Amino acid sequence: MSLGKHLVPALFACAFPGAMAGPAQAGPWPREPGQAFIALTGERDREGNSFTGFYAEYGLARRRTLGLEISHTDVGETTAMAWYQKSLDGGQGPNRLSYALGFGAIRRDGQLLPLSQAALMWGRGFSGLWDGGWLTAEARVKVAGKTEEVRVRQGMTQVEYAYLTPEIVTKLDLTVGIRPSPAWALVNQLRLEARKDSDFSARLASSAVYDLAGPARLEIGIVAPLAGPSEPALKIGTWLEF
């Protein structure tokens, strides 16, 4: 079932403290070989924090998908990541399971730092409620380079050294999507995040997705903080599938 695969990519779920949500890996449903997906999304909260993101994926072969994510925040962070996803199931039965690996870079405070990600995704479609729906769970670990500065006294002077340390973020996204009609979908996503240098955060993202003419779709929703340092935000996204 490809319903979840078509809509989950619009629900970007990589959060940073006090601001917006960024791109995440797609759901466990693989893109068909030769098919492509492109999305643009934006979020803004009442404090003026904003996020914009570009997301693309391409069906490389059966059960294999390639993707690209680029995002920018108003605090000056820009990230870019390419990723590879492979299905772990045989394509039979109600459950879908995939893993993904991504590598890229983040530009922060004028420095270009390495970025990597590993993800494990489960999904299941269901019927019997309106026009059907889906469930997904996505667990991810992101590791980014972080510059640390240390001053060491040598004789009468102090010498400053800079080195890279890993900045590790773990995330869990739980999503429920329902289609009341063929043209509409209602999506609720619980976003959980933990990192060493910040408080645990939890957010609930609720969206309505509408099928426009042709291959285009439109998403409008809100992101409500449940725990951690963040503000309510508005979200809008649009994407093409061809």
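Select Tyr 55 to begin: this residue is buried, with a relative accessible area of 0% (buried means under 20% relative accessible area with a 1.4 Å probe, protein chains only; exposed is over 50%, and partly exposed lies in between). The model is predicted, so local features need pLDDT of at least 70 and side-chain atom pairs pLDDT 80 or more, whereas totals for chains, interfaces and linings use all residues. Residues are numbered from 1 along each chain as its sequence is written, and side-chain values use heavy atoms, with hydrogens and water left out.

Tyr 55 and Trp 83 form a tilted aromatic pair, 6.1 Å centre to centre with 40° between the planes (rings of Phe, Tyr and Trp, the last by its six-membered ring, pair if their centres lie within 6.5 Å; planes under 30 degrees apart are stacked, over 60 edge-to-face, the rest tilted). Because Tyr 55 lies in strand β4 and Trp 83 in strand β6 (residues 78–87), the pair ties together parts 28 residues apart in sequence (strands are DSSP runs of E, at least two residues, numbered from the N terminus).

Ring pairs also bring Phe 37 and Trp 239 into a cluster with Tyr 55 and Trp 83.

Finally, select Glu 43 in strand β3. Glu 43 counts as buried at 5% relative accessibility.

Terms used
Helices (H or I, at least four residues) and strands (E, at least two) are DSSP runs, numbered from the N terminus.
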